Amino acid sequence: MSLLHRQPFKALYILAELTNIVLLHVPFWIIASIPKSSRPRPSWSITRSVLVYGLRRYFILNSKVGGILKSPNYLALQGGKEVYGIWVSPAPDLLQGRIREQCEKAGSESIRLPGYWYTRKGETFDRKYKPSGADKVLYTLHGGGFVAFSAHPSDPLAPIAHGIIKESKSLNRVFCVEYRLSKWDLKNHTTHPFPTALVDAITGYNYLVNELGYAPQNIIVEGDSAGANLALALTRYLLENSLPNLSPPGGLILVCPWSDLSLSHVKAGSSALPARNADVLTPTEYGPGTSYYSVRSYVGPDNLSATQTDPYISPASLDIPKPSFKNFPRTLMIAGDGELQLDMMRTLRDRMAEDIGDLLDYYEVPDAVHDFLCLEWFEPERTTTLQKIAEWVGP
């Protein structure tokens, strides 16, 4: 663990960096953004340019100190205004085949987890509610590189689910499970490595189907970034294993999917190493943003080859000749063309389209950054995309 992860050094460093950003960087970014030609994208306003620069700097700082904000986790339910949390029962009998073997190797078990229900603003969640045969539900899996953020409705990524339920009139409820995050320390020890998050995603899906009674065809699994990776892994697992009363979902929404944890797309001239960066993530030789830490946390530093060969981890890896997407449900994939990860998303798009054809809808948003749907100031692109999702979900 770095010295910057420990108090009081962490607090002092954060204070110094934030002061530096406000007093030095922000004025410089404003002045530098006055000519349109010097902005990350000429179509952007000065305000958007400065906000993107600020977020990029924030993510770098967040990575250095091991997290600035403390998020809720799997150990307890976190309350709050209009927060509806429940405990989800473990489902160890649902672990089969290769994933079960990997669980035994990694020491992962199915455990009781917190889950949170999102409702449309102003509506109260009925804890005794039982769905009818036609009721739809959104099962959302949050992003954060498998190492950050939370299922809690107040999380920085929660505006994605809140926005979907606001625009989609046929979706009255959203459920998000608090899956366990991975962690890697400098002693090369990993906590909750793959397939722990997948085990937890299975647990949450089982709750919706076998405890609440939702019909699988009425469940839409949505994930952003690493959460989209997890949504793909969950669907693959349900297709490859015959589980009693647990068939695959009726649809997938993949928001800016982080679909290649290897370095197969990181090369000169690729979106991962742009001439001018227009993303909130930072390009490095180890991949966008904090993927060096995230990948080692998720797969373990001694299992990095899995990022090149395992379709559960990297379905868009160029080192996998042709991972199958046969029998995957109808899918909506959303990407921003300013993203560092755009090339891997296009690879995923092409591979899925080859197997499921017209069941795949791909929506690429000009000049949009990674996970722009959680940025409520990224307008009008955010609202336009949420309306596209609502149209895709249907009545």
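Modeller: I would begin with L332, which is buried, its relative accessible area being 0%; buried here stands for under 20% relative accessible area, exposed for over 50% and partly exposed for what lies in between, with a 1.4 Å probe and protein chains only. Please keep in mind that this is a predicted model, in which local features need pLDDT of at least 70 and side-chain atom pairs count only at pLDDT 80 or more, whereas totals for chains, interfaces and linings use all residues. Residues are numbered from 1 along each chain as its sequence is written, and side-chain values use heavy atoms, with hydrogens and water left out.

L332 sits in strand β9, residues 330-336; strands (E, at least two residues) and helices (H or I, at least four) are DSSP runs, numbered from the N terminus. Setting aside residues up to four places away in sequence, L332 touches L252, I253, L254, D361, K388, I389 and W392, where contact means heavy atoms within 4.5 Å. From L332 to L359 there are 27 residues along the sequence, while their C-alpha atoms are 8.4 Å apart in space.

From there, turn to the largest nonpolar core, a set of 104 residues in which W117, Y139, L208 and M352 touch the most other members; such a core consists of buried Ala, Val, Leu, Ile, Met, Phe, Trp, Tyr and Cys residues joined through side-chain atoms within 4.5 Å. Helix α5 (residues 196-212) contributes the largest share of this core, 10 residues. In soluble globular proteins, nonpolar side chains tend to be buried together. If neighbours within four places in sequence are left aside, the contacts of W117 include Y84, F125, V137, P153, Y207 and L208.

Helix α5 also holds N206, which counts as buried at 10% relative accessibility. The side chains of N206 and N210 are joined by a polar contact of 2.7 Å, that is, a pair of N or O atoms within 3.5 Å, of which, within protein, one must be able to donate a hydrogen and the other to accept it, residues adjacent in sequence counting only if both atoms are side-chain atoms. Beyond four places in sequence, N206 is in contact with A91, L94, E211 and L246.

T119, in strand β2 (residues 113-119), is buried as well, at 14% relative accessibility. The C-alpha atoms of T119 and P153 are separated by 9.7 Å, although the two residues are 34 apart along the chain.

The charged pairs come next: the structure holds 11 salt bridges, each being a side-chain nitrogen of Lys or Arg within 4 Å of a carboxyl oxygen of Asp or Glu. One of them joins the side chains of R41 and D367 at 2.6 Å, N to O. Because R41 lies in the loop between α1 and α2 (46-65) and D367 in the loop between β10 (360-365) and α10 (381-393), the pair ties together parts that are 326 residues apart in sequence. D367 is buried, with a relative accessible area of 17%. Another salt bridge pairs E364 with R346, the closest N and O atoms being 2.7 Å apart. This pair links distant parts of the chain, E364 being in strand β10 and R346 in helix α9, 18 residues apart. Salt bridges that share partners also join R41, D337 and D367 into one network. Returning to the other pair, E364 is partly exposed at 25%, and R346 is likewise partly exposed, at 30% relative accessibility.

Finally, some backbone details deserve a look. The peptide bond from E379 to P380 is cis, with omega near 10°, and P380 lies in the loop between β10 and α10.
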